[in-house]
Amino acid sequence: MKRSEINELVRAATACFEAHGWALPPEPRWDVTDFGLGDWRRFGLVLVNLAEEPEYCEKLMYAQKGMTTPAHTHRVKKEDIICRWGGLAIRLSGGQGLRVNGQPVTFQDGDVVELQAGERVTLVPGTFHEFWPTTDECIIGEVSTANDDVNDNVFTDSAVGRFSEVVEDEPAVVRLVSDKPAS
């Protein structure tokens, strides 16, 4: 990804968060990815780590219509994916123990759950999921057990990489969690 594209997405996410009353903490930890696939408009996500503790984490995410988070599961992490604003679709396969808005739900592989603002789906390890906005923009929340993006994610497509290679074509407006420390 070009740094200019990352900066553009950070600005769009910030504007969307502000327009819908989502205040970020001081010095938020940003993560912008195209999942190593080179096409953030098809496969992309903006994440802000709000809490990173040994027992739990919380993220606020942003996506534009057309951006999909590729199908993946987690080895250990249990998570709630919450539609905070807009509309969100989640395709599911494998796993069990799914709950939507706290209620147990059975599903067939490939079923799509559509969430409106305030609705949530609870996913356990082994449940593959991919998600995308059904509206022009979407704010997504995640509350989960401890997060380990390096070792816990299992993508169905082996070409997917969790973090993007960054081409530095302009100065960064924020530091990403994947940025190497300045020397």
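Start with Tyr62. At 0% relative accessibility, Tyr62 counts as buried, because buried means under 20%. Keep in mind that this is a predicted model.

**Stop 1**

A pair of aromatic rings is described by the distance of the centres and the angle of the planes. The structure holds two such aromatic pairs. In the pair of Phe17 and Tyr62, the ring centres are 6.4 Å apart. Their planes meet at 85°, so the pair is edge-to-face. Where in the chain do Phe17 and Tyr62 sit? Phe17 is in helix H1, residues 3–19. Tyr62 is in strand E3, residues 56–64. The pair links distant parts of the chain, 45 residues apart.

**Stop 1: the other aromatic pair**

Select Phe35 and Phe155. Their ring centres lie 6.1 Å apart. The planes are at 65°, so this pair is also edge-to-face. Phe35 lies in the loop between strand E1 (29–33) and strand E2 (45–52). Phe155 belongs to strand E13, residues 153–155. The pair therefore ties together parts that are 120 residues apart in sequence. Are these two residues buried or exposed? Both Phe35 and Phe155 are buried.

**Stop 2: His72**

His72 sits in strand E4, residues 69–74. Its relative accessible area is 7%, so His72 is buried. Next, find the backbone oxygen of Pro70. This oxygen lies 2.8 Å from a polar atom of the side chain of His72.

**Stop 3: the open sheet**

Switch to a cartoon view. Eight strands form an open sheet, and the pairing is antiparallel. Trace the order: E1-E2-E3-E12-E5-E10-E7-E8. Which strands stand at the edges? They are E1 and strand E8 (103–104). Each has a single partner strand, so one side of each is left without a neighbour in the sheet.

Now colour strand E12, residues 137–145. E12 pairs with E3 in the antiparallel sense over nine bridges. E12 also pairs with strand E5, residues 79–85, over six bridges, again antiparallel. Select Ser144 in E12. Ser144 is the bridge partner of Cys57. Ser144 is also the bridge partner of Glu79.

**Stop 4**

With a relative accessible area of 2%, Asp31 is buried. What is Asp31 in contact with, leaving aside neighbours within four places in sequence? The contacts include Leu45, Val46 and Leu47. Asp149, Arg162 and Phe163 are also in contact with Asp31. Leu176 and Val177 complete the list.

**Stop 5: Asn49 in strand E2**

Step across to Asn49, which lies in strand E2. Draw a line between the C-alpha atoms of Asn49 and Asp31. They are 7.9 Å apart in space and 18 residues apart in sequence. Asn49 counts as buried at 11% relative accessibility. Set aside its neighbours within four places in sequence, and Asn49 is in contact with Arg29, Glu58, Lys59 and Val177. Val177 is also a contact of Asp31. Now show the side chain of Glu52. A polar contact of 3.3 Å joins the side chains of Asn49 and Glu52.

**Last stop: the whole chain**

Zoom out. The chain has one helix and 13 strands. Read along the sequence, the pattern is α-β-β-β-β-β-β-β-β-β-β-β-β-β. The C-alpha trace spans about 50 × 35 × 30 Å along its principal axes. A compact globule of 183 residues would have a radius of gyration near 16 Å, and the chain agrees, with 16 Å.

Colour the residues by burial. Of the 183 residues, 45% count as buried. The chain exposes about 9,100 Å². Carbon and sulfur atoms supply 49% of that area.

Technical notes: Residues are numbered from 1 along each chain as its sequence is written. This is a predicted model: local features need pLDDT of at least 70, side-chain atom pairs count only at pLDDT 80 or more; totals for chains, interfaces and linings use all residues. Side-chain values use heavy atoms; hydrogens and water are left out. Rings of Phe, Tyr and Trp (its six-membered ring) pair if their centres lie within 6.5 Å; planes under 30 degrees apart count as stacked, over 60 as edge-to-face and the rest as tilted. Helices (H or I, at least four residues) and strands (E, at least two) are DSSP runs, numbered from the N terminus. Buried means under 20% relative accessible area, exposed over 50%, partly exposed in between (1.4 Å probe, protein chains only). Two strands pair if DSSP finds at least two bridges between them. The radius of gyration is taken over C-alpha atoms; the globule rule is 2.2 Å times the number of residues to the power 0.38. Accessible areas come from the Shrake-Rupley method with a 1.4 Å probe; for residues, only the protein chains shown count as cover. A polar contact is a pair of N or O atoms within 3.5 Å; within protein, one must be able to donate a hydrogen and the other to accept it, and residues adjacent in sequence count only if both atoms are side-chain atoms. Contact means heavy atoms within 4.5 Å.
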